[in-house]
Protein chains: 2
Amino acid sequence: MNYEFLKKLIQPADTRIVMLIMDGLGGLPREPGGRTELETARTPNMDALAARSALGFSSPAGPGIAVGSGPGHLAIFGFDPIENEIGRGALEALGVDIDLGPDDIAARGNFCKVDENGILVDRRAGRLATPEAIRLARLLNSIHIDGVQMHVEAIKEHRFALVMRGEGLAADLSDTDPLKEGVAPGQAAALTTSAERTARFVNVYLQKAKKLLKDEEQANMILLRGFDKLPSLPKYGDLFKLRAAAIAVNGMYKGVSRLVGMQVLPVEGVRIEDEFTTLEKYWEQFDFFYLHIKQTDTHGEDGDFDRKVKVIEHIDSQIPRVLALKPDVLLITGDHSSPAILKSHSWHPVPAMLYGKNVREDNIPEFGERACTRGSLGIMPAKDFMPLLLANAGRVAKYGA
Amino acid sequence: MNYEFLKKLIQPADTRIVMLIMDGLGGLPREPGGRTELETARTPNMDALAARSALGFSSPAGPGIAVGSGPGHLAIFGFDPIENEIGRGALEALGVDIDLGPDDIAARGNFCKVDENGILVDRRAGRLATPEAIRLARLLNSIHIDGVQMHVEAIKEHRFALVMRGEGLAADLSDTDPLKEGVAPGQAAALTTSAERTARFVNVYLQKAKKLLKDEEQANMILLRGFDKLPSLPKYGDLFKLRAAAIAVNGMYKGVSRLVGMQVLPVEGVRIEDEFTTLEKYWEQFDFFYLHIKQTDTHGEDGDFDRKVKVIEHIDSQIPRVLALKPDVLLITGDHSSPAILKSHSWHPVPAMLYGKNVREDNIPEFGERACTRGSLGIMPAKDFMPLLLANAGRVAKYGA
C-alpha cells in the first residue's frame, strides 16, 4: 500500500467494516484427494454467505513465505510485512500489554541459573513457576538507573519482556543470552556507535539484577535477547479516518492492533461467543472491527485436524450474529495458514471471502480452498485488502479526473 | 512496465494490434444473484470471440482504487497511473485539443462576475453561453506578455483551459479561484521559489484580463485553478516502434492518446459506427489502433443500466467489421468500471478479452464478469497489457540466451 497516495483519497462515510480473522485458517487435506479442515467443516452460514461474496486468497508475504503472527497481522492490516519488520522482543512486549512507544526498546528475557562462578547452568531456571517469575519481576522493577526507565513484565514460566524508555535509545545491541550452558551470560555490546549509551544502561542493569537476585534459589540471573523497537506505523484513525476497534483474547493480537491505532475492546470471558458479544456491544461506537479467533491456529499447530474442524464449525455458528448487525463490508480470512498435518504455520495462501453490497459476487456457494480457487479475487497480497474494504465501504474517492 | 527493459526487446513485425476500449465497461448486477450490464447484453459476436480468446480482468490502479479517465487510460496504455499523475488542468487542456508540450503549464479557468469593488458575485458568470465564452477567449488571446505565451481555449459555458508556454515555467502555483463568492479573486502565489517567475506572469495576465473584460456585462473576470504540467511519457513510436493511431470522438481521449505519441485520426460523424469506419479507412497506415467508445461510461454514470446494455449490444454488432480486417491481436476491455447501480466510476476490475492467433484460448464462450473470473489472464494490472499485446503481435524478442 502506498500510504500517501491512498490517504489523499480517503473520504468519510457512515459505514461499518468487519475483518474476521481465523488465525491459521488455511489448511491441507490429510490424504491425497481429501479435504482441508475448512472444506471438511460443516459451515452452512459461511457457505450461504460465500454465494453472495467474492472469493479468493490472501497471500501474507508472497509465495513460499510462512509468516508468524506479527507479520501476518501487519499484512492483513494493510502494511508490507517485509518492509515493516517486527522483532520478537517487541512482539513479546506487545503480548503482555506493555504500552510501547515508538522510541522504546523491547527485548525478550529469561530468568536463568548460574553457579558460584557465574557460569550458566540452566538457561530456563528449571522453567520456574509463573507466580515466582512475577515475584522476581517485581524485584527487578525496583532497580533505578539515571537516564532510563527499565520495566520487566513476566510472561510465562521463565520468560519475561523488558522495555527500556528514555532519550536517544538505540536497539542495535548484541544478545546477552549465549544460547548454551557452560559459559557465562554475556554483556550487551553496541553494534553501532549510536547504541553505545543504550548498551551501558543494559550492562548496568544486568549488574544490578545479578546483585538483587544473588540469593535466589532457583533463578539468580537474567538473559536478554532480541533488542528491538516497534516499527513505526501510521494509525488507522489518521490514515483511513476510521474509528477502529480490536476484539481479541490473546495479548499479542491486542498489541499488534494497538500498533496501528485500534482501540482494544474488553472481552468478558475467553470463549469464542464472548468475542462476538463484544462486537455487538460496541457496534455503534466504531467504524471498523478486527475480530481475532486464536483456536484455529492452536489446533493447527497441535496437529489436531478434527479439533480445528470443530472450531471452524463453532465460528460458523456465530456468523448470523455478525450479519444481524448488517455490516457494510465483511472480510473473513486468516493471518496465515496452519495445516494440521504440518503442525506449524505454512506459506499457503489463506482462503478469503469478501462480502458487501457492492461486491461483484461470484455465486460460488461454498467457503473452502478449492472454492476460493474459482473466485474472482485471485491471490491477493494480504496488504491490498484494506484499500478494497475501504472502497467497498464508500470510503475511497475517485483518483484523478 | 519497465520501459528500458522492454524497449531493448522490441523488434519490428508486420502485424496490427487493435485496443478496443469501452469506457466504464465493468458493471454490477441490479439485484443479488443477477447479471451485470455486460452479462445482460446479447453479444453473440463477442461471445464467439471469447471462445477463441483468453479472458480475465484489467485492474487500472490496484485494489479499491476507482480511477478517472486520465489515469485509467494511462494505465491501459502501459504506464503506472500513480507514478504518472495527470492533473485536472492538463486534462482539460488535452480535452480541447491544445497541443501541450512537456514544459507547458495548463490550468482550468472560469469566466466569472465581480462587482464594482472587485468582489466575486458569481463564480460561473451565470454559466454563460459557449459562443459568448469563445468570444471572450478570443479577447483574452490578444493579451501579450514578454517572455511567455498565454493561450486560452473555451471549453463549455463558463469553463476554459489556459496554457502557458515559455522558458523555465513551473506549475507550483496556488489557485486564484477562492472556490466561494463574497471575496475577491486571489492572485497566484508561488509555492516554490522556482515558480516565482511563473506566478508573476500569471498575475500580470490576470491584471490585463481584468482590464480587457471590465466593461463586459455577464463575465468580467477570470479564475484559475489546477496549474499543472503534463506527465512526460515515452512515445509509442520510440518506445514500442509502433505507428500508433487513436480513434476517439471526445477531446480528452484524443489528448491522452496524443500524450503517448498516438496520431489522432479524424472521425467523420459522432456515431459508434463512424469510429469503426475510421478504423477501416486507416487500416493500412498504422500498426496499432486505440478505439475509444464513450457511451458505455455515460450511461453507467447516468445510472441507466438498460441503455448501457444497449450500447454494448450496439458495439457488439460492429465486431465483425474489426475481425474482417484480420487484426493480429485484439484486446477488448475498458479503462475502468462504471456500474449503473453506482452511477459512478468504480474500483472493480474490468473484464478483458485478448484475441490473437498465439493466444492460449480459454474456450469460454461468453464475455462477461463471471466468465472472465474463469479466464486464464487472472486480474492483470492494466499497465501490463501492452507488453502482452506486443508479444502476441510478434514484436518482443526473446530475453536472454
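Analyst: Before we start, one term: the bounds of a domain come from an automatic or database domain assignment. Also keep in mind that this is a predicted model.

User: Okay! Where does the second largest pocket lie, relative to domain 1 and domain 2 of chain A?

Analyst: Check who supplies the lining. Domain 1 (3-85 + 234-392) and domain 2 (91-228) of chain A both give residues to it, so the pocket lies between them. Its volume is about 650 Å³. The lining has 20 residues, and the closest to the centre are A:Arg88, A:Glu92, A:Ile155, A:Arg159 and A:Met252.

User: Which elements give two or more residues to that lining?

Analyst: They're all in chain A: helix 4 (69-76), helix 5 (88-95), strand 5 (149-156), helix 9 (251-259) and helix 11 (295-302). Helix 5 of chain A has the largest share, with four residues.

User: And how do its residues divide by class?

Analyst: You get eight charged, seven polar and five nonpolar residues in this lining. Now try the largest pocket, where the lining has 26 nonpolar, 13 polar and seven charged residues.

User: How much space lies in the largest pocket?

Analyst: About 1100 Å³. There are 46 lining residues, and those closest to the centre are A:Asp384, B:Ser59, B:Gly62, B:Pro63 and B:Ile379. Elements of chain A and chain B each supply at least two lining residues, including helix 1 (3-9) of chain A and helix 13 (369-373) of chain B. Strand 13 of chain A gives the most, with four residues.

User: Let's do sheets. In what order do the strands of the open sheet in chain A come?

Analyst: Read it across the sheet, strand by strand. The eight strands run 9-8-10-1-11-12-2-13, with mixed pairing. At the edges stand strand 9 (263-264) and strand 13 of chain A, each with a single partner strand, so one side of each has no neighbour in the sheet.

User: Which strands pair with strand 10 of chain A in the parallel sense?

Analyst: Strand 1 (residues 17-22) of chain A does, over six bridges, and A:Ile17 stands opposite A:Phe288. Strand 8 (residues 244-247) of chain A pairs in the parallel sense too, over four bridges. There, A:Ala246 has A:Tyr290 as its bridge partner.

User: Is strand 10 of chain A largely enclosed or left open?

Analyst: Buried means under 20% relative accessible area. Six of the six residues of strand 10 (residues 288-293) of chain A are buried, so the rest of the structure largely encloses this strand. A:Phe288, A:Tyr290 and A:His292 point one way, A:Phe289, A:Leu291 and A:Ile293 point the other way, and all are buried.

Key
Residues are numbered from 1 along each chain as its sequence is written. Chains are lettered from A and ligands numbered from 1 in the order in which they are written. This is a predicted model: local features need pLDDT of at least 70, side-chain atom pairs count only at pLDDT 80 or more; totals for chains, interfaces and linings use all residues. Side-chain values use heavy atoms; hydrogens and water are left out. On a 1 Å grid over the protein atoms alone, a cavity is a set of points where a 1.4 Å probe fits but cannot get out, and a pocket is an open set with protein on both sides within 12 Å along at least five of seven lines; lining residues have an atom within 4 Å of a point. Grid points are joined across faces, edges and corners, and a volume is the space filled by probe spheres set on the points. Ala, Val, Leu, Ile, Met, Phe, Trp, Tyr, Cys and Pro count as nonpolar, Asp, Glu, Lys and Arg as charged, and the others, Gly among them, as polar. Buried means under 20% relative accessible area, exposed over 50%, partly exposed in between (1.4 Å probe, protein chains only). Two strands pair if DSSP finds at least two bridges between them.
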